[in-house]
Amino acid sequence: MVTDVVLQNDWHVVATSQDLQPGKILKVRLLGQDLVLWRNGDQAVAWEDRCPHRGASLAQGWIENDALVCPYHGLAFNGGGKCVHVPAHPDQPPPERSKACVQTYHIKERYGFVWVSLGTPEKDVPPLPEWDNPNYHKFVFGPTFYRASPLRALENFIDVNHVPFVHGGTIGNPEYARINDDFKVEVKPDGIHINNVHVWENDPKIQGKVNSYNLDFRVLRPLTASLRRRAVDEPLIIFYTITPVDEEECLVWRWTFLNHNVPEKQFHNFTGMVMSQDAEAIESQRPKRLPLDLQAEYHLPSDRTTVIYRKWLKNQGVTFGTV
Ligand code: FES
Ligand SMILES: [Fe+2]
């Protein structure tokens, strides 16, 4: 049972809108809980994957007359989760009691993703200001499954120290590992602002050439962050959001924005390679869960981004996937 109120009240991506086609039923897992997704007309619906009658999985059922039918005894539930038909007693009015209703959850579609909140969301889904900017080409990637704490996976995204080693041969180069630790990290009401992190990256077009960039990160939510590369001619924006499947399992979804087009296959092959390089490192970390006690691990001066992330999580009361 989830007791992490912060993550429960937050929004999490559970599927792409594309995957949730009319007539289709998806089973997903969020914060240790099985959910069923389907479309009632245009409206996406997220429910607990448990029939209130005898607890069978609704994801094994089917959609009929704008209702989801449980495969065990055939009870049908409308888009609001209310029982509308009991085949064993077709002449009696369906039960009205809340016990006979499916547990429903908040759901939204934004940026081509389906977002669910299991609690009472206090904020909207995280902002992605470039979404409607026609100057960018957008590339979606995901989900990538990691057998790792979702928080370890998010921390890896804002940890620039790992790039020369884990990503040697793709974006990084171990000869260029020095990090200037004069970048700025500030906690603001909308999240953590990390500005002016200097990095070296391999030039994708010229073999052996290494380019220098400055990056700005925003940690918008415990499991959503973005990166902006300051380069007038080659801007790059990455929006990175993680589904907390379980305390030690997660899915990563990302949007990449570029000012030029690249063949879809090339983008997918390269990003897939980078993501699997991260998998090896993140899945090897022990403890599996992210330690929020700062004494538990050793920190370098350039680890300020991740140290502040851990403090920020602790202050908010995040516990799922931590130790
Ligand atoms: S368990 Fe679903 S109808 Fe009985
Ligand atoms: Fe990485």
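I looked up Asp 303 and found it partly exposed, because 19 other C-beta atoms lie within 10 Å (with C-beta atoms placed from the backbone, buried takes 20 or more within 10 Å, exposed 12 or fewer, partly exposed what lies in between). Asp 303 sits in the loop between helix 4 (264–284) and helix 5 (304–316); helices (H or I, at least four residues) and strands (E, at least two) are DSSP runs numbered from the N terminus. From the C-alpha atom of Asp 303 to that of Val 69, 234 residues away along the chain, I read 52 Å.

I noted that this is a predicted model, in which local features need pLDDT of at least 70 and side-chain atom pairs count only at pLDDT 80 or more, while totals for chains, interfaces and linings use all residues. Residues are numbered from 1 along each chain as its sequence is written, and chains are lettered from A and ligands numbered from 1 in the order in which they are written.

For the chain as a whole, I counted five helices and 17 strands, and buried residues come to 33% of the 323. The C-alpha atoms fill a box of roughly 75 × 45 × 35 Å along the principal axes.

I then turned to the division into domain 1 (5–117) and domain 2 (129–316), whose bounds come from an automatic or database domain assignment. Their C-alpha centres are 34 Å apart, and the contact (C-beta atoms, placed from the backbone, within 7 Å) takes 13 residues from domain 1 and 13 residues from domain 2.

Key:
Contact = placed C-beta atoms within 7 Å.
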